[in-house]
Amino acid sequence: MYNSRIIGMGKYLPDNVVTNDDLAKLMDTSDEWITERTGIKERRHIIKGSEDTPATMGHKAALMALERAGLEPKDIDLILFATLSPDYYFPGSGVLVQKLLGIPACPAMDIRMQCSGFIYGISTADQFIKTGMYKNVLVIGAENHSGGLDFTTRGRGVSVIFGDGAGAAVLTREEDTARGVLSTHLYSEGEHAEELSLIGPSTQRWVPEIMAENDPEDISYYPYMNGQTVFKHAVVRFSEVINEGLQKNGWEAADIDLLVPHQANLRISQFVQKKFRLNDDQVYNNIMRYGNTTAASIPIALTEAWEEGKVKEGDKVVLAAFGSGFTWGSALMVW
Ligand SMILES: CC(C)(COP(=O)(O)OP(=O)(O)OC[C@H]1O[C@@H](n2cnc3c(N)ncnc32)[C@H](O)[C@@H]1OP(=O)(O)O)[C@@H](O)C(=O)NCCC(=O)NCCS
């Protein structure tokens, strides 16, 4: 029996910084409203026409993670690519990263679990490594939100929250089962699928159909979010799934060296922090600088925490996420 362990992390953020004041020039919003409700001060947006896409950003994050892991692309046995904004409808962005990395043949899977995508990716990598089937797995989370948001006042409830970027982790086989990923806990509840969703274009709303209707009121091709419902479910599920992980491993909340929650909203993170009575050093947040980058948020945050020396060998690290689906999950590891 093996464990899996993260041995390299990387990130990539587009250069283009968009502040709350920049958004206030496009829609009826304010720095005060956004800061108070979400904690976000700025986010990154891909400049249209630049070479940044989920796959190219994921590739750059992956190269950084590989270098830090001391591995070459050819050492990777499996690529897992988590995104809700893939480059193409099909094929997935995983195969595009495989091409960019120059790996001639290996499995490359996309994971469509939105904000929980990276945790699902870690869990999937962990299962393949624990069984001995694969040794080195690359998990990427990358998003291009800005290309598909409504930057008018009509879309302000959603468009101020989300940002673009990518993060990546390299996991490898760990023979010391007291180290690495100890447990992962995954959930979905499709009953709330439409509460945070993008309905069209899709097989239910084909592009020719949308164009033929030419209905100016039709905004089904923009993401929809029932913010208050999402908030209420998020605080409950985050707490449950963190608790489950703590109990499974016999840890107390006080044992956590670092909790890296999905950067959904600073108020959600603060609620969770308070609930578990964690001090500021035990929770990592960077939503102020990047907004909610969905599947990329945890790997970007974990990379920055590691770069800042906040994750050290032997530390007890908890990752947790909640998002569209609804989906949620946690991963507990000893670094
Ligand atoms: C989105 C969220 C910040 C909205 O905050 P809220 O307190 O629920 O606000 P409401 O949606 O009730 O809107 C309150 C008012 O602000 C307005 N408003 C919405 N977005 C706004 C914006 N960007 N700027 C200014 N006003 C805005 C609304 O139109 C509404 O106006 P009204 O009272 O005149 O109708 C909050 O619901 C939230 O954080 N939800 C969770 C979202 C999340 O985490 N999503 C990611 C999940 S992975």
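Here are some questions and answers on how the descriptions of this predicted model are reached.

The model is predicted, and local features need pLDDT of at least 70, side-chain atom pairs count only at pLDDT 80 or more, while totals for chains, interfaces and linings use all residues. Residues are numbered from 1 along each chain as its sequence is written.

Q: Why does the radius of gyration of the protein agree with that of a compact globule?
A: The radius is taken over C-alpha atoms, and the globule rule is 2.2 Å times the number of residues to the power 0.38. For 335 residues that rule gives a value near 20 Å, and the protein has 19 Å, so the two agree. Along its principal axes the C-alpha trace spans about 60 × 50 × 35 Å.

Q: How do you know how many helices and strands the protein has?
A: Helices (H or I, at least four residues) and strands (E, at least two) are DSSP runs, numbered from the N terminus. The protein has 11 helices and 13 strands.

Q: Why is Met27 called partly exposed?
A: A residue is buried if 20 or more other C-beta atoms lie within 10 Å of its own, exposed if 12 or fewer, and partly exposed in between, with C-beta atoms placed from the backbone. Met27 has 15 such neighbours, so it counts as partly exposed. You will find Met27 in the loop between helix H1 (20-24) and helix H2 (31-38).

Q: What makes a residue a contact of Met27, and which residues does Met27 touch?
A: Two residues are in contact if their C-beta atoms, placed from the backbone, lie within 7 Å. Leaving out residues up to four places away in sequence, Met27 touches Phe151, Thr152, Thr153 and Arg156.

Q: What makes H5 mostly covered?
A: Of the 14 residues of H5, 10 are buried. Among them are Phe118, Ile119, Tyr120 and Ile129. Across the protein, buried residues make up 48% of the 335 residues.

Q: How do you know that the span of H5 is close to the expected one?
A: The expected span of a helix is 1.5 Å times one less than its number of residues. H5 has 14 residues and reaches 20 Å from its first C-alpha to its last, close to the 20 Å expected. After H5 comes Gly132, whose phi is positive, near 90 degrees.

Q: How do you know which domains the protein has, and what are they?
A: The bounds come from an automatic or database domain assignment. That assignment gives domain 1 (3-174) and domain 2 (180-334). Their centres, taken over C-alpha atoms, are 13 Å apart. The contact takes 46 residues from domain 1 and 41 residues from domain 2.
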